[in-house]
Amino acid sequence: MTDATQSDTAFRPKPSLPPPANTVGAVGWLRKNLFGGPVDTILTVVSLYLVYLIVQFAIEYGIINAIWSADTYRECLDINRGEGACWAGIGVWFNSMMYGRYPDEEQWRVNLGGIILLLWLIPFWLPKITGKIQIGMSAVLTFPFLGAALFLGGEFGIFLHVMASVALTLFAAVWLHVATTYVFGRSLAELLVSATGFAGKDDRLHKYVLLGAFGVGFVLSLVYLGSWDLVEIPTTIWGGLFLTLVISGIGIASALPNGILLALGRRSKMPVIRVFCTAFIELFRSVPLITILFMAVTMMPLFLPVELNPPKLAMVIVAVCIFAAAYMAETVRGGLQAVNKGQYEAAQAMGLNFWKMMALIVMPQALKLMIPNIVGSFMGLMKDTTLVSIIGLYDILLMGKAAGQNPNWLGFHTEPLLFTAMFFFVLCFAMSKYSQHLERTIGGGYGRR
Amino acid sequence: MKKVSLLALGAGFLASLAFTPEPVLAQESTLEIVKNRGILRCQVGTPAPGFYSLSDDGKWSGFDVENCRAISAAIFGDPDKIEYQSVTSAVRFTAMANGESDVLSRTTTWTLFRDTQLGLDFTTVNFYDGQGFMVSNDLGVSSAMELAGATVCVLTGTTTELNLTDYSRTNSLDMQPVVFEDSNVRDSTFFSGGCDAVTNDKSGLASIRAKAPDQSIFTILPETISKEPLGPVVRQNDSQWNDIVMWSVFAMVNAEELGISSSNIDEIKASSTNPEVKRMLGVEGDLNKGLGLEPEWAYNIIKMVGNYGENYEEYMGAKTVMNIPRPGSVNDLWTRGGLMYSPPFR
């Protein structure tokens, strides 16, 4: 009874009223975000209308009026009067836009090269794997040689043969390492050392085991590569997306190491190095890429002996690497300046020498800060490589343009451009996403925003 | 084909300053270099319909490509020992000056400046082009002189633009140029009625028309307002090489004049009693000596590449998308009122 009395007299708030219907749910969200006032409403309506127009056009052009199978552009025009896409042409020109004039029956080599590179980089994303930096370095430093041997074919010179063998050995080592890590739970190095009975011996002896194993792998690779009998494919007929990736890939891979060296050189206290690096950076940063490319392919041969006559592609790659390094140097220097002086002093107080201070204390912080800028430069470089079309390298853009000049495909120019744009979007967006991922995982202390 | 790109001139000037009198390659003749290399480096442009275009399996073909093939056939007896070098018009002359290309066979207009100032020699003309106008039939115009006050689509920074202004002023037509950077944009503007007329070389006009959704509604007007003789180019100071390139073209023209084609050549070679035919095909005489080639050089050209008329019909003629009819045009044989004329083979 008392309970009942108590509960009758005690203060009991009425249940809260539900929020006004127009502030919750979909309606509330709409009011808050899209129709907050007259200006918002107008903007929303206009934007929606624009989106509607674009989507409607895209669907009509790309799907409803599009032609999916035809042998010439004229056939497409006869059906849709140019009001829809002629995707049939992309089918016809797909191989050209991917590989340029690389012969059809040899294109597997390009694909194989791509697969090897991907496999090489997969361990980078696998948890548990140790030595990721070494894996990354081995791929960046030696894969180009293996790729060159595979893509070029023919009789390779001694240098290329040796370097490609080194690359193949390292590639095998990386995947053996992955296998041992996942099967035995130990790294390849540990396993080799214990298997040969050196586990108990002095640590300093271990490296001889590893060197020995590398030597065996190297000899095997040397013999194996010697047995390759590939048709020679001169670089003059490389093209398409393949060529774009070769140029931008090497440019990107070399930009960071070269950029770091140049940036350090520019901040160096040694006058000769500082002046050289500063001059190098300023010279190549103040000149448009297209000028450097022109110089490299048209002027350089005038100064070089005729017998040397390096292929145009090699000149272009060198030019792109120089240009990318000069830009990257300034990005890295920006990062170096953002690192507090105390960090340098602390490192010196620890007794670290210059290289250790840079590698262990300063660079990790500087590069981490600069991730967005570095990736931004990479994306810029990738898009800049389309300039090589001006000097007559058939990258994906020029190949797409060439398609529209074929007598059977006259007027076919919008579709290749859309197709090319799609590839660049995919590649650049992937890079951008990866950089955000990097910022989240290693940028920890600074947060992003 | 006629871009007066500053870059080209600049590069050309630099190259000519560095190289004009005596290229490094002069010690060894171009013919020896090509023979030793086993392959001819022939420069074409970035694809231009009719003249040189790339197929989806990566093969070059076209009217100017046939010159390369003819030279290769004359030297090697094989029309396909060629490395095609496709560069933009901005670097075409530097690629010759620095020894990268052996011969340039791309729509390049023969002008006094280019022939004398760039360390190059023009060999001969294999196509007479000229600037013209194309209009839509709706305009009801049949002569360029009726285009007073018309808007004309034109590519900017080219001699085409210059010729247009000159023509308009000379004839007080007060034409309004509408300039474009990109040919595709120019063409779609013209198709959608953005200008009354479009001007370009007539071969270029033919390829614009070939792109149109409806080709029958456009007419190329008869006037030709500029001279654009196009032909292969070689480096200066190598007259043997100059002769080889020049006579390779003449062989094709002369073959047509003599009625020799790739299909009937064997018959004619076996049975002809015409001394000029016999000399040309290497049955009699030693005309090949002076060129440093095999006696069958001209036979190989005609057998493997064809005569001038065959090539014209294959890439430019009325049955192709270019649809530039030949009879009575400047590119017909001199015997039929055209300008194609080969010096005698004797």
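User: Where in chain B is Asn323(B) found?

Analyst: Keep in mind that this is a predicted model. Asn323(B) sits in the segment that comes after helix H13 (308–315) of chain B. What makes this spot worth a look is the backbone: phi of Asn323(B) is near 50 degrees, a positive value in a residue other than glycine. Most residues other than glycine have a negative phi.

Asp174(B), not a glycine either, has a positive phi of about 50 degrees. Asp174(B) lies in the loop between helix H6 (159–170) and strand E10 (176–180) of chain B. Asp174(B) counts as exposed because it has 11 C-beta neighbours inside 10 Å, and the cut-off for exposed is 12 or fewer.

On the chain B side, 34 residues are in contact with 25 residues of chain A. Helix H1 (6–19), strand E2 (53–54), strand E4 (82–86), helix H4 (92–97) and helix H8 (202–211) of chain B each give two or more residues to that side. By type, the chain B residues touching chain A split into 16 nonpolar, 13 polar and five charged.

Across in chain A, the domain assignment gives domain 1 (20–64) and domain 2 (104–232). Taken over C-alpha atoms, the centres of those two domains of chain A are 55 Å apart.

Technical notes. Residues are numbered from 1 along each chain as its sequence is written. Chains are lettered from A and ligands numbered from 1 in the order in which they are written. This is a predicted model: local features need pLDDT of at least 70, side-chain atom pairs count only at pLDDT 80 or more; totals for chains, interfaces and linings use all residues. Two residues are in contact if their C-beta atoms, placed from the backbone, lie within 7 Å. Helices (H or I, at least four residues) and strands (E, at least two) are DSSP runs, numbered from the N terminus. Ala, Val, Leu, Ile, Met, Phe, Trp, Tyr, Cys and Pro count as nonpolar, Asp, Glu, Lys and Arg as charged, and the others, Gly among them, as polar. Domain bounds come from an automatic or database domain assignment. A residue is buried if 20 or more other C-beta atoms lie within 10 Å of its own, exposed if 12 or fewer, and partly exposed in between; C-beta atoms are placed from the backbone.
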